[in-house]
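Please read the following account alongside the sequence and the three-dimensional structure.

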Amino acid sequence: MSGENPVGGEELLRVRDLRKRFAVKGGIFSRTVDQVHAVDGVSFDIGKGETLGLVGESGCGKSTTGRCILRLIEPSSGDIWFKGADVTRMDGEDLRALRRDMQIIFQDPYASLNPRLKVGAIIGEALTIHKLAPTPKAMEERVVQLLETVGLQPDHMHRFPHEFSGGQRQRIGIARALAVEPKLIVCDEPVSALDVSIQAQVINLLEDLQEQFGLTYLFIAHDLSVVEHISTRVAVMYLGRVVEIAPSRELYDNPLHPYTEALLSAVPIPDPTVKRTRIMLQGDVPNPIRPPPGCHFHTRCPIAKPDCAQRVPELRETKPGHWVSCHYRG
Amino acid sequence: MAETLLDIRGLKTWFKTEDGMVRAVDGVDLRIDRGETVGVVGESGCGKTVTARSVLKLIDMPPGRFEAGTILWQGRDLIPLDQDEMNQIRAREIAIIFQEPMTSLNPVYTVGDQIAEVIALHQKLSPKQAMAGAAEMLRLVNIPNPQKRVHDYPHQFSGGMRQRVMIAMALSCQPKLLIADEPTTALDVTIQAQILELMQEMKEKFGMAIMLITHAMGVVAETCQRVTVMYAGKVVEEAPVEALFGDPRHPYTQGLIRSIPRIDRAVSRQARLESIQGTVPSLLNPPPGCRFAARCRFATDVCTQAMPPLKEVAPGHRVACVL
């Protein structure tokens, strides 16, 4: 099976053939006229304590994948196993318990915090829901402890989100996620909205917290440099499918899929003395309502052959831990 | 010595707000010579966009106002010019493209109409000739099927294609200077590469200069000859691109360069990123002294007393730091 955990550690999350289709409504009766294949058969594993980076361009389905795992979006089909339990069949109390183990940090620190609540209430909300703070005093102590953990001051609990900068808000979002002592955190573009100097602070914080609490991350981002820095392994998505999974350094040193290659070569390097040959992809990403048949990438692929438009390539292991879905590479 | 096109000296663009005066641009010097690409980098709120918009006088006044300084365009100060005189310069001599191509195109006109409007305004052509000119511009920026696409509306184009339309519009009067304000920030990395290549191609074709405003150091390293680094409304360093990345002198520039993860370096993983502590100061009544002092590792008492002026440390390399 694809993306088998090469670390040899304990498996925490297993995703198999995950699919999500969104209906496109139209006409006077709002009938479903089409479907967007946002996630089109994604499989991977995440080992305990590791960080799996999920990269790809806008609309490739990376965020939808993250949200399906948390059941913030209902998957159309596929299996999600968390600590051996089937997430897709959970409801009620089981689902609530699951959400204690899995948390999410969002991209936009301006939109993801309730502007009417004070920081103390934002962080404390989850403690109340999961009954983790028996008394108001215990609650306050826990909030203070969480604020300090993410590098904020205890008196910040009495302030509103608008009184904070973007980086500080992201710290509040992280404190909120940490409040319920989760095992897995889905980080959905957590540093994309931040300036570079602040971005580095937040990345360092996430790495420190991972070490301190033994956290596992699914790190979703479009910035390949950030993903390479923070991830143990990286999965590259294109139009709803995973095209390549490999240990981080291996993927960057020996990319096999032509899309991964083009993506990596397009990243500008902050060093004017480095001159690279760039693989220019022609055109845009095709419409996910009618993705190209066969390999989704064949319309832009520099090495495409006629049968790429007919046969869907399987994700297969070419060397230990390095999986690629291409008929002609690996 | 190349001919100087744009020479901004001591520019102060301030904004009056309910809370007081925001000193968004507070004494900026910037020079752009014919045919060169100058990067203006800095983080949100450093004043790079306000500087760019000041050049074309696209600042709403009030609340904004030019407090001091001159903006010399080929030797002529733009600040005293009225709207009619500025319109002679806009598009024809200095053009601008913005970050978000969807919000800078008019959704109810076809892209052909919008490009033709610019051409007709400045070149006394018949509507038919102007439309033909628009199609020619779309062909130049590599939009497939330009004869048909001129009749499409902005929403029928993808993000990258819209930015191509913006570039076509900006270049339709063959300006001497193109101001590109975060032109690729809203785009995916493979599309960003296409747009940067297109800008380079257009620059070679038309021989224009480019003022590239961005927060992405990688983009600067790959496209610019000279770089100006801004922090909290001030220029902190200015240097040829090799010197800026090879020998950054200002502690802020150093921090900025070191805080970026590098995919081309095998050692980057596991090593901690260098980060700059703290956050950008408020531009509302900023304290005297170096604006970066509160976050600077090397700051001493001197730093909080007066803002150090830019001084030359090597040919073309100027730094505003007491060190």
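Over residues 1–7 of chain A, pLDDT stays under 50; pLDDT is the predictor's confidence in each residue, from 0 to 100. For these residues the model has 22 contacts beyond four places in sequence, two residues being in contact if their C-beta atoms, placed from the backbone, lie within 7 Å. Where pLDDT is low, the predicted coordinates should not be read in detail. For chain A as a whole, the mean pLDDT is 90, and 97% of the residues reach 70 or more.

This is a predicted model, in which local features need pLDDT of at least 70 and side-chain atom pairs count only at pLDDT 80 or more, while totals for chains, interfaces and linings use all residues. Residues are numbered from 1 along each chain as its sequence is written, and chains are lettered from A and ligands numbered from 1 in the order in which they are written.

Attention may turn to helix H3 of chain A, which covers residues 119–129. Helices (H or I, at least four residues) and strands (E, at least two) are DSSP runs, numbered from the N terminus. Within H3(A), the residues A:Val119, A:Gly120, A:Ile122, A:Ile123 and A:Gly124 are buried. A residue is buried if 20 or more other C-beta atoms lie within 10 Å of its own, exposed if 12 or fewer, and partly exposed in between, with C-beta atoms placed from the backbone. The buried residues of H3(A) pack against helix H4 (136–149) and helix H5 (166–178) of chain A.

How do H3(A) and H4(A) cross? Their axes come within 10 Å and cross at roughly 115°, where axes are lines fitted to C-alpha atoms, for helices over the stretch in contact, and angles run from 0 to 180 degrees between N-to-C directions. H3(A) is therefore roughly perpendicular to H4(A); angles under 35 degrees count as roughly parallel, over 145 as roughly antiparallel, 65 to 115 as roughly perpendicular and the rest as oblique. From H3(A), the contact is made by A:Gly120, A:Ile123, A:Gly124 and A:Leu127, and from H4(A) by A:Met139, A:Arg142, A:Val143 and A:Leu146. By class, this contact of H3(A) with H4(A) has five nonpolar, two polar and one charged residues. Here Ala, Val, Leu, Ile, Met, Phe, Trp, Tyr, Cys and Pro count as nonpolar, Asp, Glu, Lys and Arg as charged, and the others, Gly among them, as polar.

Helix H7 (residues 159–171) and helix H8 (residues 189–206) of chain B pack at an angle of about 15°, with their axes 10 Å apart. H7(B) and H8(B) are therefore roughly parallel to each other. Among the residues that make the contact are B:Ile167 and B:Leu171 of H7(B) and B:Leu198 and B:Met202 of H8(B). The residues of this contact of H7(B) with H8(B) divide into eight nonpolar, four polar and one charged.

The two chains also meet each other. Their contact takes 37 residues from chain A and 39 residues from chain B. On the side of chain A that touches chain B, two or more residues each come from helix H6 (196–213), helix H7 (224–230), helix H8 (248–253) and helix H9 (258–266) of chain A. H6(A) gives the most to this side, with seven residues. The residues of the side of chain A that touches chain B divide into 19 nonpolar, 11 polar and seven charged.

One residue of H7 of chain A is A:Val227. A:Val227 is buried because 25 other C-beta atoms lie within 10 Å. Leaving aside neighbours within four places in sequence, A:Val227 is in contact with A:Gly53, A:Val55, A:Phe219, A:Ala221 and A:Val234.

Some backbone details remain. Most residues other than glycine have a negative phi, and most peptide bonds are trans. A:Glu189, in the loop between strand E7 (184–188) and H6 of chain A, has a positive phi near 50°. A:Glu189 is partly exposed, with 19 other C-beta atoms within 10 Å. In chain B, phi of B:Gln74 is likewise positive, near 50°, and B:Gln74 lies in the loop between E4 and strand E5 (76–77). The peptide bond from B:Met61 to B:Pro62 is cis, with omega near -15°, and the bond from B:Pro62 to B:Pro63 is cis, with omega near 10°. B:Pro62 is placed in the loop between helix H1 (48–55) and strand E4 (64–73) of chain B.
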